[in-house]
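Please read these notes with the model open beside you, and check each point against what you see as you go.

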Amino acid sequence: MAAAKRAVPVLGRRAPAPVVAHSAPLVLPVCAAPVRDGTVVIRGERVLQVGSRDELLSCFPVTREIRWPGLIVAGLVDACSAPAPPGPGVTTRTTVLTGPADLTSLPGVSYVEVSSASEQEWEDHDRDALITALREVDRPCPVGIAARTRDPQVLEDVAVLARTFGLRLLAGLDRHSPMALDEAGVLGPHCHVACARPLDPGERKLLRLRRSVIALCPPGQTRATDVLALVEEGNRLALGTRDPAGGGPGDLLGLAAVVRERARELGLRVRGLDRRLVEAATLGGARALGLDAGPGRIGSLGPGSRADFAVFDARGRYPYSALMGRPPCLGTVTGGTVTGTVTGGTLT
């Protein structure tokens, strides 16, 4: 009889990460309908499945379960924040950095600021410094360019560089009109714009045609009617907590709630407004960063997405409306790891 073969461990191969379930009375994947008594099953950094708790616990070899009160929702994405700790429920953010040397200093998606005062300054120093940083810096996260220069020639060159290197672009509508950005070749699906002012119908249409996401920042002079026009006309929306005056990160859902409250005060009703605002804070932000599709996507929860989500002490029949009530954040999960302040989760 042939000798039995002895199992030999394969060198260099890691043991698979354990399967963990995060359960809550309500799960809001954003990309799909809400799930009552739902569960997010994850392994490592990725989501395996989202669905009914009873069904998934019987289908997957779950090694542990964390049961949360309230509501699990896809992680919030701050599409324009200051370089400071993120607000409650935020798992990904756009940080505008002031120099290439700071590229790896903060988590999230980082944009290097280009603020050259003239074409001469850009050609003499800033352009080479930017290209060198983008080529050589060992960066653990995506990097883009924040076009904050007022010089039209520099703006055009920045747009060319972004397309050459396949980088995302961020521009502020406090510095440039959509028409000026379009003439320079900045607008497109690879670009999102930070906006804290009203947009006229022509500007809204241009941004819609170019498929550039509009990141609504702390309102300032922006009126609820302007935001509702963007919603009704079908513009791509995200939310950001950094205002042009230099304010830091705040409550992302609080910004959405302000828009909703102002609309109600004016007696305005838009079908699905709460859902659209929550989508802007999650999937819209992911779309602004180009991270809304494929394996490891963010802004929604489903098989293959990154295991980024937040838990809020929100209850009620309508989850989108419950989130508009500014409920406290009980905890966040980023890349499958529980982070931030955790309240109420129980391990089973």
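In which helix does A288 lie?

1. The model discussed here is a predicted one, and in it A288 lies in helix 8, which covers residues 273–288. A288 has a relative accessible area of 0%, and because buried means under 20% relative accessible area, A288 counts as buried.

2. Leaving aside the neighbours within four places in sequence, the residues in contact with A288 are A79, Y111, R168, H192, V213 and A238. One of these, R168, is 120 residues away from A288 in sequence, although the two C-alpha atoms are 8.8 Å apart in space.

3. Turning to a pair of helices, the axes of helix 6 (residues 224–233) and helix 7 (residues 252–265) come within 9 Å of each other and cross at roughly 105°. Since angles of 65 to 115 degrees count as roughly perpendicular, helix 6 and helix 7 are described as roughly perpendicular to each other.

4. Where these two helices meet, helix 6 contributes A224, V227 and L228, while helix 7 contributes V259, R262 and A263. The residues of this contact divide into five nonpolar, no polar and one charged.

5. For the protein as a whole, there are nine helices and 17 strands, and buried residues make up 50% of its 348 residues. Among contacts between residues at least 6 apart in sequence, 61% join residues at least 24 apart. The protein exposes about 16,000 Å², of which carbon and sulfur atoms supply 51%.

Notes:
Residues numbered from 1 in each chain as written. Predicted model: local features only at pLDDT ≥ 70, side-chain atom pairs only at ≥ 80, totals over all residues. Heavy atoms only, no water. Axes fitted to C-alpha atoms, helices over the stretch in contact; angles between N-to-C directions. Helix = DSSP H or I, 4+ residues; strand = E, 2+ residues; numbered from the N terminus. Parallel < 35°, antiparallel > 145°, perpendicular 65-115°, else oblique. Contact = heavy atoms within 4.5 Å. Nonpolar A, V, L, I, M, F, W, Y, C, P; charged D, E, K, R; others polar. Buried < 20%, exposed > 50% of the residue type's maximum accessible area, 1.4 Å probe, protein only. Areas by Shrake-Rupley, 256 points an atom, 1.4 Å probe, with all protein chains shown as cover.
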